[in-house]
Amino acid sequence: MDFHLTDEQQFIREAIRDVCQKYQASYWRKLDLENEYPEEFVQELTRLGWLSILIPEEYGGGGLGIVEASIVLEEINRSGGHGAACHAQMYTMGTLLRNGNASQKDRYLPSVAAGDLRFQAFAVTEPDAGSETTRIETTAVRHGDHYVINGEKVFISRVLESDLMLLLARTTPYADLEDKTDGLSVFIVDLRDAGDSVQVQPIDVMLNHHTNAVFFDNLEVPEENLVGVEGKGFRHIINSWNPERILIAAEAIGDGRWFIDKSTKYAGDRVVFGRQIGANQGVQFPVARAYAHIEAADLIRYKAASMFDRQESCGAEANMAKLLAGEAAWEAANVAMDIHGGYAFAREFDVERKFRETRLLSSAPVSTNMILSYLGQHVLGMPRSY
Ligand SMILES: Cc1cc2nc3c(=O)[nH]c(=O)nc-3n(C[C@H](O)[C@H](O)[C@H](O)COP(=O)(O)OP(=O)(O)OC[C@H]3O[C@@H](n4cnc5c(N)ncnc54)[C@H](O)[C@@H]3O)c2cc1C
């Protein structure tokens, strides 16, 4: 066992730290207050090639793995930034890479790698289906050489900041299916050509996340934009869930470390009752406990990421990494709120902003209950609970 990063991985960590140093807390705070997208930051990361490190070198990407991609996102969050602005390109890429055909990869990947195309929207969730993805109702009906899409999605992030969207839609009615995981298909939607067929309605949420309701009204998608096999879209999407969970775990680890840094510094600086507040065990021990939980979650994050990169089955590890890192970050967030007293609520301290950002990681892109039911049923062999 070797728990050390390679020189290349360490280099990536330091390179991302260097980029993030230019985007101080005031930059993220202002964006948060104004609900604005970190355009300049995302452009710089794209230009430097960090958002395309999962794209194979033959298409102009970095040709690296999930371990490295996770380091990029961890460092963004650890710096006080918010990786959600750009993480989806890394997940959507996986479905295209694994299930797309050669002509789709030739058409899109070089432009995404060069930063000419943004592929950051991932449209699965629907208002009624919620977590039960096999119940989605947005339809894709074939008409000659194209599909016609109708329906509604909710909480679809970065649609207005993306050129392409990966869409899951129903190609066979639910009632006609023997295996209910069949009948869904994945499409690449070119949002630049969509016109009025795609209506986007921003949803005001408690953090700066650029998420939207999206309505499809007779949107025509050419048949060449079907990714993988018609009717097997649920399985294609599932393949991208493990990297998604690992990358979100890394973001949570980054947040957790940001909270620990912030808390230890404040515990040393703040003097009340004639001594540093960190000298009190009631202040110090919760930080130490949260730190230990983050370090433990980080081990399973790297285990899951390494297994994924070795093409080993890693569903259990990816889910546990997401669960444990999300919980550890949330614990560290609450500790930071306590330690900062009233100042935790003052926006200029950034704790309340990161607190709001971190909370999402336990609910989306997959909720804690869904992870526990996966572990209970698929790893521990208990009865299906839903
Ligand atoms: C800011 C934000 C951004 C998002 N971005 C995207 C995006 O870009 N693309 C996208 O497709 N989606 C996105 N989502 C959606 C997110 O993935 C969903 O909110 C999530 O999958 C849950 O769906 P739901 O909200 O309908 O919850 P529901 O499915 O209604 O679940 C509600 C609660 O009930 C629990 N529950 C439900 N059934 C069971 C059961 N059988 N056993 C135990 N517990 C159960 C769930 O775990 C959850 O805690 C985003 C959400 C948010 C808030």
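**View 1. Helix H10 is mostly covered in this predicted model.** Helix H10 runs over residues 351–360, and seven of its 10 residues are buried. Which residues of H10 are buried? They are Val 351, Arg 353, Lys 354, Phe 355, Glu 357, Thr 358 and Leu 360. The buried residues of H10 pack against H2, helix H7 (233–269) and helix H9 (315–339).

**View 2. Helix H4 is largely enclosed by the rest of the structure.** Helix H4 covers residues 66–78. At 1.5 Å a residue, its 13 residues should span 18 Å. The end C-alpha atoms of H4 are 18 Å apart, which agrees. Just after H4 comes Gly 80, with a positive phi of about 105 degrees.

**View 3. The largest nonpolar core has 103 residues.** Which residues have the most contacts inside this core? They are Ala 123, Phe 187, Ile 246, Ala 321 and Ala 332. Take Ala 332 as an example. Set aside its neighbours within four places in sequence, and Ala 332 is in contact with Gly 256, Phe 259, Ile 260, Ala 290 and Ile 294.

**View 4. Domain 1 touches domain 2.** The chain is divided into domain 1 (7–114), domain 2 (121–231) and domain 3 (235–379). The C-alpha centres of domain 1 and domain 2 lie 24 Å apart. In this contact, 15 residues of domain 1 meet 14 residues of domain 2. On the domain 1 side, helix H2 (25–34), helix H5 (88–99) and helix H6 (102–114) each give two or more residues. H5 supplies the largest share of that side, six residues. By class, the domain 1 side has seven nonpolar, seven polar and one charged residues.

**View 5. Gly 151 sits in strand S3.** Leaving out neighbours within four places in sequence, the contacts of Gly 151 are Glu 137, Thr 138, Thr 139, Ala 169 and Phe 216. Phe 215 is 64 residues from Gly 151 in sequence. In space, the two are 6.0 Å apart, C-alpha to C-alpha.

**View 6. Glu 224 lies in a loop between two strands.** The strands are S7 (211–222) and S8 (226–227). Why does Glu 224 count as exposed? Glu 224 has 12 C-beta neighbours inside 10 Å, and a residue with 12 or fewer is exposed. Tyr 147 is 77 residues from Glu 224 along the chain. The C-alpha atoms of Glu 224 and Tyr 147 are separated by 9.8 Å.

Key: Residues are numbered from 1 along each chain as its sequence is written. This is a predicted model: local features need pLDDT of at least 70, side-chain atom pairs count only at pLDDT 80 or more; totals for chains, interfaces and linings use all residues. Helices (H or I, at least four residues) and strands (E, at least two) are DSSP runs, numbered from the N terminus. The expected span of a helix is 1.5 Å times one less than its number of residues. A residue is buried if 20 or more other C-beta atoms lie within 10 Å of its own, exposed if 12 or fewer, and partly exposed in between; C-beta atoms are placed from the backbone. A nonpolar core is a set of buried Ala, Val, Leu, Ile, Met, Phe, Trp, Tyr and Cys residues joined through C-beta atoms within 7 Å. Two residues are in contact if their C-beta atoms, placed from the backbone, lie within 7 Å. Domain bounds come from an automatic or database domain assignment. Ala, Val, Leu, Ile, Met, Phe, Trp, Tyr, Cys and Pro count as nonpolar, Asp, Glu, Lys and Arg as charged, and the others, Gly among them, as polar.
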